[in-house]
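Subject: A structure to look through

Hi there,

Here is the structure I promised to pass on to you. Please open it beside this email, and then read on for what was found.

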Amino acid sequence: MTAELQKVEIPPQLTVRELAEDLNVSPIAVIKELMNNGIMASINQMIDFDTAAIVGEEMGFEVVPVQEEEPEPAAELEKAVSLRHQFIENEDPANLEPRPPVVTILGHVDHGKTTLLDTIRHTSVVSGEAGGITQHIGSYQVVVDDRKITFLDTPGHEAFTAMRARGAMVTDLVILIVAADDGVMPQTKEAIGHARAAGVPIIVAINKIDKPNANIEKVKQDLANEGLVPDDWGGDTVCVPISALNNIGIDDLLENILLAVEVAELKANPNRPAQGTVIEGKLDEKRGVVANLLVQNGTLKQGDLIVIGTQYGRVRAMFNDRGQKIKKAGPSMPVSTLGMPEVPQAGEIFEAVKNKKAAEALVEEHLQEAQTSRTQARAPMSLEDFLTRLEGEEVKELNLIVKADVHGSLEPIINSLQTLGDEQHKVHIVLQGTGNISESDITLAVASNAIVVGFNVSVDEAARRTAELEKVEVRLYRVIYKLIEDIDLALKGLYEPVYEDRVIGHAEVRATFKVGRRTIAGSYVTAGKFTRHANVRVVRDRELLYTGEVSTLKRFTEDVEEVAAGYECGISVEGFDDFQVGDILEAFVRERVN
């Protein structure tokens, strides 16, 4: 009697390594079997189902295709696509269950963040998971009094806010770590601004209290100066003294975390397909594409088909933060997954779908969104459209990031700004600090929809490029009263920018010719340059004849973006056809000067 072959399900395409994992055999054995069938393949090479089936059958397995569920009706598919970013907002409250909080630790570079994370991890690992190989997956879980807490490990507040700027809402609480022997530093202030931009509560961990020069009261005073008034001073900011190095006060900190999130009643629906955020993506030489994910709603299972951005793949293997292979992961659980075709970007949303048809529909919508975002640039927040942009809101807040050259300048600016407006129109200082405007400031402005204002400072080159790309308004001032006046006018809806014309080039008309109904001025650029869509003045015998816009700019028969001095070109001007040889054309652009 012939023994029944073991049945193995595989997808339409997979790598040699993945086939070996599915068959539970060595990749070398699979490569040898492929060679026996005349196929030379490396361990990471993709093979189709037919090839995989032949190999599997030769090795004693019955290989069958993965059984996908029946396609959803069109209406159900459309509904599934439209809900992808909403997570629990549209969930039936009866289906929601408590979930662990997700916590991020931010602070100055030398104030002990890494030590605190290590201490918490090694003293409170999830029960039963000790002994596994530690994996850096961007986050991990601990257990306190039978309750789990997820810690999100970001490289710094810039990375934290970069994820926020891409729309990733992953953090429920921020732990701000401040060294007792150092106090609030510039990076601490930045971290406070980034935490506030995320709109999450803050608990302060005052670290290094065992150092001889520790001064807890000074730290509390520094915090109060930044608007974080300690609870024992009558404020609402919880401050916990700790020593991360010597494991002092850690239990107290963890208990305060649980107390802080009790009020929020954090919940999710574990009985639905998973949704969440990519924490990190990388390419591993041995395992291929690794996607580190944070499940935020639903339950992720091995074998699930997930969509991330414009790609989709099946979760072929899943590991927890201890490196142990797992079959499923519920809300607030961090996992490392294998199976995506390309490395995803941190901050991207992932969602599990029922079948390939639903995945393709979701990818198609993402592609359309990407196309739309390329053609419709981000609408920047600016002073002149402040009230218009917030039409209909009862309270209108103008978010500002304020940088000054020295603290002596910063203090009066902040004090003056905070007196502006009324109950309906207010200034909200997202971040204040000294020094030049950095790329981190611009990233924070994107996340918080803020305007960056600088006094006697400059803009770093990387910050300038990012501001241009992200359409962030950066305003520089040399006079304090002018800065205050502009913000005051914006709050009152009276701000009107001032523009000046800047000449960028001159050209002489040397010939004219007709193209259809239009007259083209064959010209020689004598100075500067001409660009498409620049403004142009037509001057004849030193008298201004016409001012309009360049409608076409050609070199021979080709349309070009610009023509530099010393070259000939054909120029037409919108609304003007009466060119004569000898006319002078002056190109200029309008630039805002306030």
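At roughly what angle do the axes of helix 2 and helix 3 cross? Before the answer, a word on the source: this is a predicted model, in which local features need pLDDT of at least 70 and side-chain atom pairs count only at pLDDT 80 or more, while totals for chains, interfaces and linings use all residues. Residues are numbered from 1 along each chain as its sequence is written, and side-chain values use heavy atoms, with hydrogens and water left out.

Now the two helices. The axes of helix 2 (residues 27-36) and helix 3 (residues 49-58) cross at roughly 105° and come within 10 Å. Helix 2 and helix 3 are therefore roughly perpendicular to each other; angles of 65 to 115 degrees count as roughly perpendicular, under 35 as roughly parallel, over 145 as roughly antiparallel, and the rest as oblique. On the helix 2 side, the contact (heavy atoms within 4.5 Å) is made by Val30, Glu33 and Leu34, and on the helix 3 side by Thr51, Val55 and Glu58. These residues divide into three nonpolar, one polar and two charged. Here Ala, Val, Leu, Ile, Met, Phe, Trp, Tyr, Cys and Pro count as nonpolar, Asp, Glu, Lys and Arg as charged, and the others, Gly among them, as polar. Axes are lines fitted to C-alpha atoms, for helices over the stretch in contact, and angles run from 0 to 180 degrees between N-to-C directions.

Next, the chain as a whole. There are 15 helices and 33 strands; both are DSSP runs numbered from the N terminus, with helices being H or I of at least four residues and strands E of at least two. Of the chain's 594 residues, 47% count as buried, where buried means under 20% relative accessible area, exposed over 50%, and partly exposed in between (1.4 Å probe, protein chains only). Among contacts with a separation of 6 or more, 70% come from residues 24 or more positions apart.

Seven strands form an open sheet in the order 17-16-21-13-14-20-18, with antiparallel pairing; two strands pair if DSSP finds at least two bridges between them. Strand 17 (311-314) and strand 18 (317-319) stand at the edges with a single partner strand each, so one side of each has no neighbour in the sheet. From one strand to the next, the twist averages 35°. Within the sheet, strand 14 (residues 288-297) and strand 20 (residues 334-338) run antiparallel and are joined by five bridges. Ala291 stands opposite Thr337 in strand 20.

Leu254 lies in helix 9 (residues 250-262) and is buried, at 1% relative accessible area. Leu254 and Val143 are 111 residues apart in sequence, and their C-alpha atoms are 9.4 Å apart in space.

Asp146, in the loop between strand 7 (139-144) and strand 8 (147-152), has a positive phi near 65° although it is not a glycine. Asp146 is exposed, with a relative accessible area of 78%. Lys471 sits in the loop between helix 14 (461-470) and strand 25 (474-477), and its phi is also positive, near 60°. Lys471 is partly exposed, at 36%.

Finally, the cysteines. How many disulfides are there? With a disulfide defined as a pair of cysteine sulfur atoms within 2.5 Å, the count is zero. Cys239 is buried at 13% relative accessibility, and Cys569 is buried at 6%.

Enjoy exploring!
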